[in-house]
Amino acid sequence: MSSPHPGSEPGPGRTAGPDPDLPAVAPQLRALRRRAALTLEAAARAAGLSPAHLSRLETGQRQPSLPMLLALARIYGTTVSELLGETVAERDAVVRATDMEPTPAGGWTYWQAGSPGRGMQALRVHVPHGSQGDIVRVHPGEEWLYVLKGRLRLRLADAVHALGPGDSAHFDSLTPHRIAAQDADGVELLFVHTLLQSPTAALCLGPITGETP
């Protein structure tokens with residue numbers, strides 16, 4: 001899920017304005033940050049963003065990518081669903097396909113595949129080709145992914161792995177990792193990650209030093 005580095009500012013001549021696609025994100029981001037008792041500066045630092053960039057997210061002037069939402073969810077001790085203002089009448093063990101609504105985030109599209117409020121979060125994700133392939137992630141926890149369709153390029157530290165349909169990976173999230181779709185049609189995968197209920201948990205975003213996306 002290509003865009004500049006998540007913390008970058010709009011380029012010359014670009015005017016940032018509220019994004020109509022995610023109307024619930026901005027107020028939720030602000031409310032959940034305050035609930036976590038974090039200042040704008042502290043939350044931005046933990047997420048690897050500038051305070052100005054986080055402020056634009058909270059005022060609806062910029063659209064957060066899925067990695068940003070995952071980062072902020074961990075920092076605020078919540079879920080991506082709550083950041084998006086999604087509500088569920090009750091926590092059910094079964095999630096029906098008809099209840100899985102697609103949600104765009106920074107070029108990626110994902111569907112909630114698990115119940116909210118659990119110790120881990122399950123998603124079905126579509127990653128377009130060339131989308132956010134320059135983002136490396138490092139954060140506490142574990143991740144598991146399973147390729148449903150297409151081919152995935154997974155980088156774990158200094159090792160690069162090519163995964164096809166039916167292949168999976170399970171790794172410590174403190175290992176610097178990056179995923180990218182190899183095919184023009186993108187890649188679709190199942191993704192499960194642990195949710196750390198701590199306001200100090202951080203996810204570091206940024207390009208891998210010395211590499212060109």
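These legends describe a series of close-up views of one predicted model.

The model is predicted, and local features are taken only where pLDDT is at least 70, side-chain atom pairs count only at pLDDT 80 or more, and totals for chains, interfaces and linings use all residues. Residues are numbered from 1 along each chain as its sequence is written, and side-chain values use heavy atoms, with hydrogens and water left out.

**View 1. The chain as a whole, with 5 helices and 9 strands.**
Helices (H or I, at least four residues) and strands (E, at least two) are DSSP runs, numbered from the N terminus. Read from the N terminus on, the elements follow the order α-α-α-α-α-β-β-β-β-β-β-β-β-β. The chain has 213 residues, of which 43% count as buried; here buried means under 20% relative accessible area, exposed means over 50%, and partly exposed lies in between, with a 1.4 Å probe and protein chains only. The accessible surface of the chain is about 10200 Å², and 54% of this surface belongs to carbon and sulfur atoms, with areas taken from the Shrake-Rupley method with a 1.4 Å probe and, for residues, only the protein chains shown counting as cover.

**View 2. Helix α3 and the elements that cover its buried residues.**
Helix α3 spans residues 51–58, and its residues H53, L54, L57 and E58 are buried. Seen down the axis of α3, these buried residues fall within an arc of 140°, so they line one face of the helix; the arc is that of the directions from the helix axis to the C-beta atoms. An α-helix has 3.6 residues a turn, so residues three or four places apart point the same way. The cover over the buried residues of α3 includes α1, α2 and α4 (66–76), where contact means heavy atoms within 4.5 Å. Just after α3 comes G60, which takes a positive phi of about 80°.

**View 3. Residues A36 and A37 in the loop between α1 and α2.**
The loop that holds A37 runs between α1 (25–35) and α2 (40–47), and A36 lies in the loop between α1 and α2 as well. A36 counts as buried at 16% relative accessibility, whereas A37 is exposed, with a relative accessible area of 68%. A37 has a positive phi of about 60°, although it is not a glycine. A36 and Y76 are 40 residues apart in sequence, yet their C-alpha atoms are 5.6 Å apart in space.

**View 4. An open sheet of 3 strands in the order β6-β5-β8.**
The pairing in this sheet is antiparallel, and two strands are taken to pair if DSSP finds at least two bridges between them. Strands β6 (159–163) and β8 (177–181) stand at the edges with a single partner strand each, so one side of each is left without a neighbour in the sheet. Neighbouring strands of this sheet are turned by 20° against each other on average, direction ignored; the axes are lines fitted to C-alpha atoms, for helices over the stretch in contact, and angles run from 0 to 180 degrees between N-to-C directions. Strand β5 (residues 152–156) pairs with β6 in the antiparallel sense over 5 bridges, and L156 stands opposite A159 in β6.

**View 5. The loop between β5 and β6, with A157.**
A157 has a positive phi of about 55°, although it is not a glycine, and it is partly exposed, with a relative accessible area of 35%. R155 forms a salt bridge with D158, and the closest N and O atoms of this pair are 3.7 Å apart; a salt bridge is a side-chain nitrogen of Lys or Arg within 4 Å of a carboxyl oxygen of Asp or Glu. R155 counts as buried at 13% relative accessibility, whereas D158 counts as exposed at 72%.

The structure holds 4 salt bridges. Side chains of opposite charge can pair when their charged atoms come close. One of the salt bridges joins R124 and E188, with the closest N and O atoms 2.8 Å apart. R124 counts as partly exposed at 22% relative accessibility. The side chains of D183 and R151 also meet in a salt bridge (2.9 Å, N to O). D183 is partly exposed, with a relative accessible area of 22%, and R151 is partly exposed, with a relative accessible area of 42%.
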